[in-house]
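Please view the sequence and the model together while reading.

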Amino acid sequence: MPWTVVNDGDGMPRIILTEPSGSSAEVLLYGGQVVSWKNDRREELLFMSTKAVMKPPKAIRGGIPICFPQFGNLGSLEQHGFARNRLWEMDSCASPLPPPKNQSTIDLILKSQEEDIKTWPRSFDLRLRIILSSGKLTLIPRVRNTDNKPFTFTLAMRNYLSVSDISEVRVEGLETLDYFDNLVQRERFTEQADAITFDGEQVDRVYLSTPGKIAIIDHEKKRTLVLRKEGLPDAALWNPWDKKAKALPDFGDEDYQVMLCLDSAAVENPITLKPSEEWMGRQELSAVSSSYFSGQLDPGKVLSAS
């Protein structure tokens, strides 16, 4: 069986996905949140805070929380909206699943709840398909307007990624793009660096109109995490660094050294749905071996130049 449901009696049932090459993923019904993704060598590719609170109604600091219907504080709702701290359900009316050959798929759904309608009076279905295959983890969110009037939302899949050392990581694919800097009242800047590196300061940005592929090159692990996305034009980048990390109660003081958030997002231009309309996005995370490592050139480039 490609997935199993585990219930430890803690009120947070989880789904374990596996596939033939040996990789696995763990998904909580609480938040519809992927909290673990391991490759075929059993290496964890997602970050989970050492102080994460795994108990409702708190949001869980790590994995891949879904920010809906609001990203960040860009609205009147709680930070990042309410979807990440609600109990989702297995979707019994999902569209036909892809063939199960060499992959594991699960469909979840969150419907508007009475407590949410008090603060966000809209009726919706938020569906999430999670697909685990060899070397890849794919998430497909869909939002349907089940109300009798239009509504507007922002959305992000917040990818807490595990890295060996944030000082040895670089991000490629965001060069020359405009971004909002959340540390200076969302002022707009243009990225000047050839590649983004991290050395001593908190980073909290939303890059705009980003490409469909962004890479995180981890020199120490000789590994590149690749994010591919559709329908999610923006990309948020966050690392709290030391001062902010110490100020967050659910974040370990030194955790910032081994994590980076790179989010697939629709933020700058909120999505509007008319009654019965549906929006769909997609992101695919993959991990590939990288020839980059500290202090050395990329051998592939050296060979092609000689």
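**Salt bridges, core and annotated site**

The side chains of aspartate 125 and arginine 127 meet in a salt bridge, with 3.7 Å from N to O; a salt bridge is a side-chain nitrogen of Lys or Arg within 4 Å of a carboxyl oxygen of Asp or Glu. This is a predicted model, in which local features need pLDDT of at least 70 and side-chain atom pairs count only at pLDDT 80 or more, while totals for chains, interfaces and linings use all residues. Residues are numbered from 1 along each chain as its sequence is written, and side-chain values use heavy atoms, with hydrogens and water left out.

**Salt bridges**

- Aspartate 125 and arginine 127 are both buried, where buried means under 20% relative accessible area, exposed means over 50%, and partly exposed lies in between (1.4 Å probe, protein chains only).
- The structure holds 19 salt bridges.
- Another salt bridge joins aspartate 107 to arginine 129, whose closest N and O atoms are 2.9 Å apart.
- This pair links distant parts of the chain, 22 residues apart, with aspartate 107 in strand S7 (residues 103-111) and arginine 129 in strand S8 (residues 124-133); strands (E, at least two residues) are DSSP runs, numbered from the N terminus.
- Aspartate 107 and arginine 129 are buried.
- Arginine 144 and glutamate 278 also form a salt bridge, and their closest N and O atoms are 3.5 Å apart.
- Because arginine 144 lies in strand S9 (residues 136-145) and glutamate 278 in strand S21 (residues 278-280), the pair ties together parts that are 134 residues apart in sequence.
- Arginine 144 has a relative accessible area of 30% and is therefore partly exposed; glutamate 278, at 33%, also counts as partly exposed.

**Nonpolar cores**

- In soluble globular proteins, nonpolar side chains tend to be buried together.
- A nonpolar core is a set of buried Ala, Val, Leu, Ile, Met, Phe, Trp, Tyr and Cys residues joined through side-chain atoms within 4.5 Å.
- The largest nonpolar core has 68 residues, of which Phe68, Leu126, Phe153, Phe198 and Leu237 touch the most other members.
- Strand S20 (residues 259-273) supplies the largest share of this core, seven residues.

**Annotated binding site**

- For "binding site", an unreviewed UniProt entry lists Arg61, Gln79 and Arg84; UniProt positions are given in the numbering used here, feature names are shortened, and annotations may be inferred rather than shown by experiment.
- These residues span 24 residues in sequence, yet no two of their C-alpha atoms are more than 12.8 Å apart, so they gather at one spot.
- Arg61, Gln79 and Arg84 belong to the lining of the largest pocket. On a 1 Å grid over the protein atoms alone, a pocket is an open set of points where a 1.4 Å probe fits, with protein on both sides within 12 Å along at least five of seven lines, and lining residues have an atom within 4 Å of a point.
- Arginine 61 is found in the loop between strand S4 (33-38) and strand S5 (66-67), and at 17% relative accessibility arginine 61 counts as buried.
- Among the residues that arginine 61 touches, not counting those up to four places away in sequence, are Met48, Tyr160, Trp238 and Asp250.
- Glutamine 79 is placed in the loop between S5 and strand S6 (89-90), and with a relative accessible area of 41% glutamine 79 is partly exposed.

Terms used. Helices (H or I, at least four residues) and strands (E, at least two) are DSSP runs, numbered from the N terminus. Contact means heavy atoms within 4.5 Å.
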